[in-house]
Every structure is written in C-alpha cells, then in structure tokens.
Amino acid sequence: MIREELKNKIISFGIEISFPKEDETPFLTLSVNPTHLHQLAKQLKEDTSTSFDYMFCQTGIDWLENMEIVYHLRSTSHGHEVVVRTQITDRENPTVDSVYDLWKTADFHEREIFDLLGVRFNNHPDLRRIFLDDDWEGYPLRKDYVDEINIVEL
Amino acid sequence: MKFDIYDFSVLTKSIHESLNSMMGETAVMISEMVIVGIIFLTLFAVLGLILVYVERKICAFFQQRLGPMRVGFWGTAQTLADLIKLLLKEPLITKNADKFLFNLAPFVLIIASFMAMAAIPFAKGLHAFDIDIGVFYITAISSIGVVGVLLAGWASNNKYSLIGAMRSGAQIISYELSVGLSLLTIIVLTGSLQFSEIIESQREGWWIFRGHIPALIAFIIFLIASTAETNRGPFDLAEAESELTAGFHTEYSGMKFAFFFLAEFINMFIVAAIGATVFLGGWMPLHFGALESFNAIMDFIPPIFWFFGKTAFIIFLMMWFKWTFPRLRIDQLLTLEWKYLLPINLINILVMAFFVLMGWYF
Amino acid sequence: MSTEVVNEIKEQEYFINMGPQHPSTHGVLRLLLSLDGEIIKNVEPHLGYIHRSIEKMCEKDTYKMIVHLTDRMDYLSCHMNNEAVCLAVEKGIELEVSDRVKVIRTIMSELTRLSSHQLWWGVMGMDLGAITSFLYGFRDREMIIDIFEETCGARLTMNYNVPGGVMFDIPNNFQKRVKEFIIYFKKKLPEYDDLLSNNVIFKARTEGVGILSKEDAISYGVTGPSGRASGFSCDIRKQHPYSAYDRVDFKEILYSEGDCFARYKARIDEMWESMFIIEQLIDNIPEGSARETTRAVIKLPKGEFYQKVETARGEFGVYIISDGKKSPYRLKFRSPGFSTLNALNTMAKGSKIADLVAIMSTIDLVIPDIDR
C-alpha cells in the first residue's frame with residue numbers, strides 16, 4: 001500500500017491523529033494522544049488492510065517538556081511500515097497504556113523504557129526495572145539525570 | 001600356553017613359599033595382603049596418571065591439536081604436574097554442606113573402584129582375588145560407586161549437584177541391568193562366573209568370534225551400557241558441564257575433586273578390563289584354529305600385553321565416543337535403556353541359550 | 001500421609017539460578033528457573049550485568065565516536081553494527097559512498113556473518129556435549145579472523161567502517177585470501193554436517209525442542225535465522241537492501257518447523273548463502289575511492305534517521321534523533337538479542353534443563369548485545 005493510501009486508511013479509523021513532519025522521515029509518521037494510543041494500536045494491528053503485526057522498535061524520548069514514546073510498526077503480510085508517536089505531557093509521572101497485549105515484544109521494550117526513562121505502562125504484566133537494580137534512584141536516560149562520577153561532559 | 005615363563009603363578013608361588021619359610025601362617029597372610037595392597041595402590045595411581053594423559057592426547061588428536069606438550073617429553077609429565085597442583089589446592093567446603101558426608105563421598109567412590117580392581121585377572125597367575133562368583137562380585141561392587149555420587153550430590157547443598165546426583169542414580173541403576181545381562185549372555189556360554197575359568201574357556205578362540213551374532217550384540221550393548229555406567233560422554237549427564245556446571249562434584253576442590261576424577265578413569269579401566277576379559281579373551285593370545293605358526297607367534301607375546309592391549313582398545317573406543325557424540329537428555333537416556341537395550345538384551349540371552357542348547361557355537 | 005500433604009509435596013517448585021556465571025549462558029546472563037524436577041515451569045531472565053548505557057554515552061559523543069561503541073554490543077557482528085550507524089549518518093548528511101565501498105562492506109559483512117556462525121556452531125556443539133565441534137568451528141574461523149587482521153588490523157572489534165566509507169582500502173591479496181578461504185570452507189562445511197547435523201543423538205536433542213510458532217516469532221520480534229526458522233520472513237537484506245545487497249543473488253532461508261533443529265539448519269544454510277554472496281562480489285570489486293572525506297565533526301541536520309541492517313543475529317536498528325548538533329539528541333539501538341531473549345520463556349516452558357541449553361544456543365545470544 002502506498003503512503004497516501006495508508007494515510008487515508010488510518011484516518012478512516014476515526015481516531016484523533018495528526019501527521020507531523022509530513023515529508024521529513026522515510027516512514028509515515030502519525031502522532032496520537034496517549035489516551036487513544038491503545039485504541040489506535042489495536043486498530044492498526046487488527047484491521048486486515050493494515051495488519052501491523054510486527055513492532056520492531058519502541059523508543060522513549062525525553063523532550064524536557066514532555067515524554068515521547070515512538071513505535072515502529074511493520075506489517076509482515078503487506079510489507080508497509082508506520083511510525084506512531086505519542087506525547088505524554090506529564091513529564092514527572094508519565095503514564096501510557098501498554099501494548100503488550102498486541103505485541104509481546106513490548107514486554108522487554110516497555111520495561112527498558114520504564115527502567116531508563118520512568119514511563120509507567122498501564123496493564124503491563126510485569127513492570128519492573130530490567131537493567132538497573134531495584135533500588136536505583138532516578139532514570140538515567142532522562143536529560144536532567146545527573147551523575148557527576150560516571151558521566152563525562154565533553 | 002607353550003611359554004610357561006609367562007606364567008606368573010611360578011613367581012607368586014615362590015614368593016608365597018619363601019614367606020612361609022620365614023614366618024607363621026597369619027603373618028604370611030597379613031604380609032601378602034600388604035604386598036598386594038601396595039601393588040594395587042601403585043597400579044591405581046599409575047593407571048590414573050597414564051589414563052588422564054592418554055585421554056588428553058586422544059582428545060587433542062580428535063580435535064586437531066597437540067594437547068599437553070610442555071611438561072616433559074611430549075607433555076608426559078603433565079598429569080604429574082596437575083597432581084601436584086591438585087594436592088596444593090585448598091580443600092573448600094561450602095558453608096551449609098553436611099561436612100561428614102561431604103568428606104566421605106569421594107572415599108566411597110574410590111574404595112568401590114579399588115575393590116572392583118581386585119577381581120581383575122591381569123595375566124596367567126596374576127590375579128589377586130580369583131573368587132568363584134567373579135562377574136557377580138564386580139557388578140555388585142561397581143554399583144556401590146553410585147552411593148558415593150549420591151552422597152556427594154546431597155551433601156554439597158547445591159541444587160546443581162543434587163540434580164546431577166539424581167540423574168546419576170537413575171542412570172547407573174538402569175544401565176547396571178544391561179551390563180549384567182550382556183555379561184550373562186557370555187556366562188551362558190562359559191557356564192562359570194569365575195574369571196579364570198571364563199578366560200580358560202576362550203583358549204580355542206574369543207567369545208566374540210565364537211559366539212556368533214548374539215555375542216556381538218552383547219558386546220555392543222556392553223560397550224554402550226558400560227560407558228553409561230562410568231558416567232562418560234555421551235552419557236555424562238551427571239556432570240554435564242554445559243547444563244549443571246560440573247554436576248555432583250561442583251563443590252569439590254583439590255584432592256577430593258581429584259578422587260572423583262581418578263575414580264572415573266579407574267572405573268573406565270575396570271569396565272574395559274571386564275569387557276576385554278569376558279568378550280575378548282582376557283590375557284589369551286589371538287588364536288586361529290589351524291594356523292599353527294601364527295598361533296605360535298601370538299603365544300610369544302606375553303599375556304600381560306594381550307590383556308592391556310585389549311583393555312586399551314576398549315578404552316580407546318570409549319574415548320572415541322566421548323569426543324564425537326553430543327550428550328543425551330535424561331529421558332532419552334532412560335528410553336534407550338528401558339525401551340531398547342533391555343528388551344534386545346533379554347531376547348539376545350534367549351537366542352544365546354538356544355544356540356548353546358543346540359551346540360551351534362564353535 | 002493425608003492427600004493434602006502429598007499434594008503439597010508434589011506441588012513444590014524449586015528455583016535455580018542459571019548464571020550470571022554459567023558455562024552455557026554465554027556471558028553474564030542470569031536466568032531464574034522454576035523447576036519441577038527437571039521440567040522447566042518458568043524462565044525469568046535477569047539482565048543488566050554488563051549494561052554500560054551505551055545509548056546515554058552516545059548522547060555525549062560525536063557520530064564518529066559512536067561507531068566505535070557499536071563494536072562493543074554484538075561483538076560477533078561488529079562490522080554490521082558499524083555499518084548500521086555509518087549508513088544512518090550517511091543518510092543524514094546525504095553522502096553517497098562509492099560502489100567500491102558498498103561492495104567491500106558487503107563482503108566484510110558476509111565474512112563477519114560467516115565467522116559468527118562458525119563460532120556459534122562450535123559453541124552449539126559444546127553446549128550439547130560434543131566438545132570437538134568447538135575446536136573445528138574455531139579452526140575455520142581463524143582463517144576469516146586472519147583476513148580481518150590483515151585488512152584492518154583488528155581481529156574482533158574491527159571498527160572498519162567510518163561514515164563515508166571504510167577506514168583503509170583493502171590490501172592487495174585480500175581477494176586471493178578470501179577466495180582461498182571460500183575454497184577451503186566449501187570442503188569443510190560438509191564436515192560440520194557429518195559431525196553434528198546427521199548425528200542421531202544431535203537430532204534427538206534438537207528436533208521438536210523449543211518450538212516457536214510463526215505468530216509468536218512475529219509478536220516477539222524474533223528476527224534473524226531464529227525468526228526465519230519459524231517461517232517469519234524478516235531478512236533486511238531482501239526487504240530493505242543496503243550496500244550492495246541489491247546487486248547480488250541469494251535466497252532467504254526459510255523453515256517452518258520453528259524448533260531447535262530448524263534454527264540450526266537455517267544458520268548452516270545461511271553459511272552457504274554467505275559464501276555464495278561473497279563469490280559473486282569478490283571478483284567484481286569496482287574501482288573508486290575507499291573513503292569519502294567528511295568533516296572532522298559531523299553534524300546531522302535536525303530530524304530522525306532510522307537504519308536497519310541484518311546482523312548475524314537478526315534485525316539491528318539504529319534510530320537517531322538529531323537536533324542539529326554534533327551529537328545525537330537521543331539514539332536508540334534496536335538489538336536483535338533483546339527481543340529474542342524475550343521469547344525464551346515461550347520456547348523453554350515445559351521442556352527439560354538440557355533442552356533449555358539447546359534452545360539457548362540455537363537462539364545464539366550475545367549478552368552485550370542485549371544489555372547494551
């Protein structure tokens with residue numbers, strides 16, 4: 001499915017989405033409110049004409065004013081790819097619905113984002129720190145994380 | 001035997017008589033026991049050293065490398081150096097281990113293999129303990145070894161050790177049957193459990209040649225089962241270093257570890273020696289019925305060389321297995337024994353008994 | 001004993017810590033196994049023993065420095081990891097490398113894949129108790145490593161790629177040595193089959209063990225040979241050809257069984273394919289410069305760049321979010337091992353301890369790749 005068709009198809013789901021960075025990225029990028037994220041993800045996966053059944057990357061980004069989670073999706077049957085972004089405005093206690101029930105690979109990826117960025121995922125079966133110790137203070141990948149000993153400023 | 005100089009009973013008898021002329025009956029018995037004990041201890045240690053070296057060299061050649069080369073000529077003193085290292089190592093005991101059983105376990109294992117060695121006939125007249133139920137005695141004694149393994153696994157207070165010990169227990173108890181039954185197939189032919197008589201009955205030819213196909217099947221089963229009984233690859237589940245780190249001897253170090261190691265190699269020697277004795281004629285030279293001159297040449301080779309040669313051949317086979325095959329899984333191991341080897345073995349004995357009844361063997 | 005007591009005893013599970021120091025976890029991975037006798041009830045991986053926070057380090061480094069960090073993730077596919085970052089950066093600064101570079105990169109990638117699979121094959125045999133295969137694998141790998149050493153001076157962490165090309169041009173006898181190796185290894189690869197693939201015990205240990213369905217493979221994102229053994233067509237070299245993969249002919253190895261043996265066969269077949277790719281390219285290395293000159297400190301324009309490559313373990317992705325400065329604002333590595341390990345519990349549940357070892361070695365984990 002070409003980009004334009006895919007875009008129209010996703011608009012037809014009737015979920016409030018926007019298309020930032022229209023021509024900048026190689027993937028079709030859509031932005032969605034965290035509250036609608038799970039609904040959109042479910043549609044994207046289950047609709048037969050999109051069927052995004054493979055999430056190959058899930059990234060958390062700290063933009064200082066908000067937290068962003070980026071989902072890279074691919075359909076193994078159609079071969080098209082899409083990027084879903086969601087901005088969480090509450091940076092101190094970011095929360096978003098887990099997509100573990102749709103893509104099981106989210107299990108580790110979400111634990112990693114929770115561990116390093118402190119984003120909480122609702123309905124995640126086992127949300128614990130994955131790399132760091134359980135009593136670690138702070139979230140190292142946040143931009144305001146300070147570690148005077150280990151982080152060397154260039 | 002044409003060459004009586006190879007008959008060791010002349011030597012042993014003369015020692016016995018000279019001792020008798022010197023002291024009383026009890027003293028003779030005690031001193032003879034001491035002499036035999038010292039000889040066996042020496043043999044035990046020397047065999048251990050040689051077998052470890054041989055294993056390392058054979059393994060190296062299978063893997064296209066040289067193996068130990070630095071200590072001594074072609075690395076011959078390597079095992080001696082290892083021994084010194086092991087002697088100097090600190091014997092560690094885990095904190096919550098059952099100290100008494102932990103220390104006892106290696107000795108149980110090593111005593112069992114030491115006792116089993118007594119019944120092996122090395123050459124004509126060189127036989128420490130020619131008991132009339134020799135085969136039975138050896139199968140009975142060699143199964144005591146598993147007690148040592150179980151004790152080691154239990155007393156270490158380590159789950160890996162315990163799993164290893166339990167595996168070993170299941171394995172040895174199962175494969176004991178096959179070893180016993182495959183030996184029994186030949187006992188049907190010999191009609192005696194005494195090792196000297198078993199060897200004597202092979203004067204005309206070894207049982208593996210004379211016993212037709214059933215004897216060959218029994219030999220193959222014996223090889224498989226005895227490899228399993230000595231916990232060697234591909235049946236080394238009790239140690240299984242990629243699964244259980246080192247299995248039942250994970251927590252052992254220094255000399256106690258060396259005992260386990262030594263016992264494994266001595267056990268391998270013992271089963272190989274039994275195989276050589278029962279199937280390949282022990283110290284009997286290779287004879288072919290009518291070829292008089294060939295037989296005479298064979299007779300010229302001393303029986304002790306025949307015995308060690310045959311044993312070395314079986315040991316080589318067992319090492320070959322170990323360095324070629326991947327390890328079995330515990331359920332596959334038990335399936336192999338209970339579903340294949342055991343039924344085949346039972347049928348094999350019946351066939352052999354029928355052959356003997358009809359006189360269809362050479 | 002009352003039935004209640006009996007049930008209580010029966011239901012008692014026990015736990016074993018496999019790792020962080022264990023011969024078959026291939027690094028410092030800790031698996032917490034819940035066992036019922038020898039049967040695995042649950043596997044819980046505990047990570048982070050060598051987590052170096054490479055992603056955080058990248059936020060302080062320039063792009064040329066980042067390339068060197070990627071070696072330290074999946075050290076067995078270091079060349080492909082380097083390539084992913086270089087391709088992403090080249091995409092960012094809109095630099096088209098010469099054909100010569102593309103071909104050299106492809107050949108080196110395939111050599112790296114071969115060496116990785118050889119090591120995997122050796123270790124796989126050792127995990128299953130056939131120690132001899134370990135030495136065989138290393139014997140053949142040595143030849144590739146020697147070629148690497150002559151080409152770029154390093155044997156393991158090569159750092160051969162730089163944004164804009166490769167560090168140095170290939171040495172004069174590179175082609176000769178690679179061809180010699182291909183001739184040699186074509187004779188040796190059937191030996192691998194003789195020793196392990198056709199062995200009865202080996203087949204019994206791997207066939208039907210650790211089955212991963214195609215749906216689970218996709219859902220868990222199990223890529224590379226492990227995913228393709230389950231029938232998940234995920235070869236980046238086919239889907240998004242990079243470097244010179246669009247000009248070579250090779251087939252994507254697909255199996256449908258999804259068990260350990262299929263994963264094993266997929267890697268063995270991939271070795272044949274890699275040799276086939278190298279053979280097509282080795283005589284046709286075009287002339288051209290081996291390295292385009294780039295600025296000492298590369299600045300990527302504001303924007304996002306995603307590049308995926310096929311490493312020996314699967315899909316490796318680099319996601320660069322740049323704010324126009326000399327170092328990325330955020331850099332995410334999508335490492336194949338991380339997702340593959342996620343599926344371990346699904347594969348291992350209900351099998352024996354010995355099966356877990358077989359599964360662990362067929363999914364071919366490299367722990368620094370997981371921990372990053």
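Seven salt bridges are counted between chain A and chain C, a salt bridge being a side-chain nitrogen of Lys or Arg within 4 Å of a carboxyl oxygen of Asp or Glu. The model is predicted: local features need pLDDT of at least 70 and side-chain atom pairs count only at pLDDT 80 or more, whereas totals for chains, interfaces and linings use all residues. Residues are numbered from 1 along each chain as its sequence is written, chains are lettered from A and ligands numbered from 1 in the order in which they are written, and side-chain values use heavy atoms, with hydrogens and water left out.

In the salt bridge between Arg128(A) and Glu44(C), the N to O distance is 2.8 Å. Lys104(A) and Asp216(C) form a salt bridge as well, with their closest N and O atoms 2.9 Å apart. This pair joins two chains, because Lys104(A) lies in the loop between β6 (95-97) and α3 (106-117) of chain A, while Asp216(C) belongs to helix α9 (residues 214-220) of chain C. Helices (H or I, at least four residues) and strands (E, at least two) are DSSP runs, numbered from the N terminus. Over all chains, the structure holds 53 salt bridges.

The interface of chain A and chain C also contains 24 residue pairs in polar contact, both residues being at pLDDT 80 or more. A polar contact is a pair of N or O atoms within 3.5 Å; within protein, one must be able to donate a hydrogen and the other to accept it, and residues adjacent in sequence count only if both atoms are side-chain atoms. On the side of chain A that touches chain C, the elements giving two or more residues are β3, β4, β5 and α3 of chain A. The largest share of that side, eight residues, comes from β3(A). By class, the side of chain A that touches chain C has 21 nonpolar, eight polar and 14 charged residues; Ala, Val, Leu, Ile, Met, Phe, Trp, Tyr, Cys and Pro count as nonpolar, Asp, Glu, Lys and Arg as charged, and the others, Gly among them, as polar.

In total, 43 residues from chain A and 39 residues from chain C take part in the contact, which means heavy atoms within 4.5 Å. Chain A and chain C bury about 3,600 Å² between them, of which 55% is on carbon and sulfur atoms; buried area is the accessible area (1.4 Å probe) that two parts lose on being put together, summed over both. In chain A, the residues that lose the most area to chain C are Tyr54(A), Phe108(A) and Phe131(A), together 19% of what that side buries.

Two pairs of chains touch, and the most contacts are between chains A and C. Chain A and chain B do not touch, their nearest C-alpha atoms being 25 Å apart.

Chain B is in contact with chain C: 25 residues of chain B meet 34 residues of chain C. About 2,500 Å² is buried between chain C and chain B, 57% of it on carbon and sulfur atoms. In chain C, Glu38(C), Thr132(C) and Ile201(C) lose the most area to chain B, together 20% of what that side buries. Two salt bridges are counted between chain C and chain B. Asp355(C) and Arg329(B) meet through their side chains in a salt bridge, at 2.7 Å from N to O. The elements giving two or more residues to the side of chain C that touches chain B include β1 (14-18), α5 (99-127) and α15 (353-362) of chain C. The largest share of this side, five residues, comes from β1(C).

Within chain A, five strands form an open sheet of mixed pairing, in the order β1-β2-β5-β4-β3; two strands pair if DSSP finds at least two bridges between them. The edge strands are β1 (17-18) and β3 (54-62) of chain A, each of which pairs on one side only. Helix α1 (residues 3-11) of chain A lies across β1, β2 and β5 (81-88) of chain A and runs at about 20° to β2(A). Helix α2 (residues 34-46) of chain A lies across β1, β2, β4 (67-74) and β5 of chain A, at about 165° to β5(A). Axes are lines fitted to C-alpha atoms, for helices over the stretch in contact, and angles run from 0 to 180 degrees between N-to-C directions.

Chain C has an open sheet of three strands, in the order β6-β7-β8, with antiparallel pairing. Strands β6 (303-311) and β8 (330-334) of chain C stand at the edges with a single partner strand each, so one side of each is left without a neighbour in the sheet. Neighbouring strands of this sheet are turned by 10° against each other on average, direction ignored. Nine bridges join β6(C) to the antiparallel strand β7 (residues 314-322) of chain C, where Gly314(C) is the bridge partner of Thr311(C).
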